[in-house]
Amino acid sequence: MKEIMDASSMKRSLVRMAHEIVEKNKGVEGLVLVGIKTRGEFLAVRLKQMIDQFEECDIPCDSLDISAWRDDVERSEVQQTLTVAVQDRVVILVDDVLYKGRTVRAAMDGIMHFGRPRAIHLAVLVDRGHRELPIRADYVGKNVPTSLNEEVKVLVSETDGQDGVYIS
């Protein structure tokens with residue numbers, strides 16, 4: 001496996017993305033962060049902490065298990081509720097890797113299940129290309145061109161004991 005981002009470059013990318021989120025939305029009014037489980041939820045918390053620190057605010061943040069909205073597995077009943085309101089808010093969906101776009105599509109369906117946001121923006125740490133759906137990230141930590149047989153793995157200290165992005 002080849003390291004393409006270490007812990008410090010991950011942090012720098014997240015700091016830049018946090019600033020871009022605030023700048024593009026002209027502040028934090030009406031923003032909600034929703035991380036796609038599993039690693040997206042930890043990245044969303046990190047973005048929240050950064051934005052809260054430099055904007056002196058407390059942005060709502062939650063996570064979403066998208067399994068009930070996936071199109072590649074048998075559908076299950078919705079077991080989850082969001083603890084944050086999404087109605088008429090700008091939802092920033094956060095994920096670790098954007099690949100074919102199917103996870104994001106399922107996440108958007110999940111968000112819409114809980115209300116109608118004013119807008120949904122997408123923040124991803126790594127965009128590796130190869131989209132099957134017309135989905136584009138609004139905030140990207142790093143674009144990593146890959147082949148179809150390569151795998152991008154994001155490690156976060158909360159579950160993996162270290163931060164890093166690797167390609168194999």
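Start by selecting D62 and T83: a polar atom of the D62 side chain sits 2.5 Å from the backbone nitrogen of T83. Bear in mind as you click around that this is a predicted model.

Stay on D62 for a moment. This residue belongs to strand β3. Which residues surround D62, once neighbours within four places in sequence are set aside? Show L33, V34 and G35, then T81, L82, T83 and V84; D62 is in contact with each of them. Now look for a charged partner. D62 is buried but has no salt bridge. The nearest side chain of opposite charge is that of K37, 7.2 Å away, whereas a salt bridge would need the two charged groups within 4 Å.

K37 is a handy next stop. Select K37 and T38 together and check the peptide bond between them: the bond is cis, with omega at about 15°. T38 lies in the loop that links β2 (31-36) to α2 (39-55).

Next, zoom out to the sheet that holds β3. In what order do the strands of this open, five-stranded sheet run? Colour them as β3-β2-β4-β5-β6; the pairing is parallel. Turn the view and you can follow the twist, which averages 25° from one strand to the next.

Select V126 and look across to β6, where the bridge partner is K142.

Now bring the helices back. α1 packs on this sheet and touches β2, β4 (90-98), β5 and β6. The direction of α1 makes about 150° with that of β6. α2 packs on the sheet too, touching β2, β3, β4 and β5, and its direction makes about 150° with that of β2.

Zoom in on β1 and β8 (residues 164-167): they pair in the antiparallel sense over three bridges. Select E3 and you'll find Y166 of β8 opposite.

Select K26, in the loop between α1 (7-24) and β2. K26 is not a glycine, yet its phi is positive, about 55°. Is K26 buried or exposed? At 78% relative accessibility, K26 counts as exposed.

Then jump to E56, in the loop between α2 and β3 (61-64). Phi of E56 is near 50°, again a positive value in a residue other than glycine. E56 is exposed as well, with a relative accessible area of 75%.

Conventions: Residues numbered from 1 in each chain as written. Predicted model: local features only at pLDDT ≥ 70, side-chain atom pairs only at ≥ 80, totals over all residues. Heavy atoms only, no water. Helix = DSSP H or I, 4+ residues; strand = E, 2+ residues; numbered from the N terminus. Buried < 20%, exposed > 50% of the residue type's maximum accessible area, 1.4 Å probe, protein only. Lys, Arg positive; Asp, Glu negative; His and termini not counted. Polar contact = N/O pair within 3.5 Å; in protein donor to acceptor, adjacent residues only side chain to side chain. Contact = heavy atoms within 4.5 Å. Pairing = 2+ DSSP bridges. Axes fitted to C-alpha atoms, helices over the stretch in contact; angles between N-to-C directions.
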